[in-house]
Amino acid sequence: MRGEYKVPGGKLVAVELDVVDGALSAVHLSGDFFLEPDEALAVIDSALDGLPADTSTHAVADAVDAALADAAQAGTIAGPVAMVGFDARAVAVAVRRALGHATTWEDHTFEVLRPGPLPVRTLAALDQVLTEELAEGLRGPTLRFWDWDERAVVIGSFQSLSNELDPEGVAKHDVTVVRRISGGGAMFMEAGNCVTFSLVVPASLVDGLSFEQSYAFLDAWVLDALASIGVEAFFSGMNDVASPAGKLAGSAQKRLAGGAVLHHMTIAYDIDSDKMLEVLRIGREKLSDKGTRSANKRVDPLRSQTGMAREAIVDAFEASFKQRYRTVDSELRPDELDRAEKLVETKFATPEWIARVP
């Protein structure tokens with residue numbers, strides 16, 4: 001069996017192994033990483049050999065770290081161990097993939113959805129519906145692009161309604177308030193002012209990855225998509241993407257007990273900062289985070305850096321994802337929309353949900 005894991009921003013780790021009587025056997029680690037001293041490679045192989053095949057990712061990583069520490073302390077290997085471009089967790093992920101407990105992008109076919117404009121609360125409800133359906137086996141992994149016609153603010157699941165929003169600004173600009181099921185910060189969303197997508201994947205795709213690592217892993221294709229339209233971008237902090245001109249985007253996640261992961265991102269295209277400041281109480285801090293000095297300026301990194309229409313940018317993102325992964329075009333089923341609308345009525349449009357954190 002063979003498993004591979006490319007560390008985001010790091011190196012490729014590959015593991016070949018057999019399973020004999022429920023335990024790992026004949027384990028061989030390889031890759032384009034850097035490891036010192038040379039003898040540490042054999043120590044890692046030996047640490048993995050004999051482990052039960054159902055050993056968790058964390059336990060595999062702990063076994064590798066412990067073996068290296070013991071070898072260094074005992075003098076079996078000379079000097080301190082240096083693992084550059086990878087770590088024990090990366091080795092563990094490759095092992096889990098070899099065993100079939102963890103999957104790769106290539107193991108899945110992703111359904112691509114562009115359903116057209118929908119109410120923002122319906123879009124938020126579809127996040128829950130499609131994630132639950134993946135967990136229930138009713139739909140495969142999906143990439144869904146958002147489109148909408150109304151003015152809205154989407155706040156994170158745990159944000160305080162009164163701390164985030166100015167009621168006068170909300171009323172003045174006729175803003176629909178939406179609370180999503182994932183954490184993270186508030187998004188001011190007028191029609192056409194940002195690019196938003198939701199990615200629903202099985203938990204096996206991020207098996208062994210911490211929350212922090214999974215953000216970069218699931219957003220790696222976004223950096224390629226931005227590069228395809230001439231935008232230099234890089235990861236900033238745990239869940240943001242930035243360019244030399246400032247912040248571009250933020251991501252959020254929700255993991256369901258049934259084994260599905262919701263991951264979504266919003267990228268600023270051309271935001272009216274004056275309106276945003278009137279609606280969001282923390283708008284000025286948000287602007288400073290995006291490299292905007294004056295409240296009279298627009299937050300327009302994608303528009304100003306590319307000169308492209310928003311629809312053309314979404315097309316480029318879709319093309320970049322399809323070029324990188326195996327995909328099939330799909331559509332929302334009537335029963336999925338019905339399920340989402342019922343969720344809007346019973347949850348997303350209710351005061352109890354919207355103000356669940358007052």
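**Exercise 1. What is the accessible surface of the protein chain, and which share belongs to carbon and sulfur atoms?**

Solution. The accessible surface of the protein chain is about 15,300 Å², computed by the Shrake-Rupley method with a 1.4 Å probe. Carbon and sulfur atoms hold 51% of that surface.

A word on the model: it is predicted, so local features need pLDDT of at least 70 and side-chain atom pairs count only at pLDDT 80 or more, while totals for chains, interfaces and linings use all residues. Residues are numbered from 1 along each chain as its sequence is written, and side-chain values use heavy atoms, leaving out hydrogens and water.

**Exercise 2. Why does the radius of gyration of the protein chain agree with a compact globule?**

Solution. Start with the rule: 2.2 Å times the number of residues to the power 0.38, with the radius taken over C-alpha atoms. Because the chain has 358 residues, a compact globule would come near 21 Å, and the 23 Å of the protein chain agrees. Next, look at the principal axes, along which the C-alpha trace spans about 70 × 45 × 40 Å.

**Exercise 3. Follow strand β8 (residues 152-155) and its pairing.**

Solution. First, take the side chains: Ala152 and Val154 point one way, Val153 and Ile155 the other, and all are buried (under 20% relative accessible area, 1.4 Å probe, protein chains only). Strands here are DSSP runs of E with at least two residues, numbered from the N terminus, and two of them pair if DSSP finds at least two bridges between them.

Then find the partners. β8 runs parallel to β9 (residues 176-179), joined by 4 bridges, and Ile155 stands opposite Arg179 there. With β10 (residues 187-189), β8 pairs in the antiparallel sense over 3 bridges; Phe188 is the bridge partner of Val153.

Technical notes: Buried means under 20% relative accessible area, exposed over 50%, partly exposed in between (1.4 Å probe, protein chains only).
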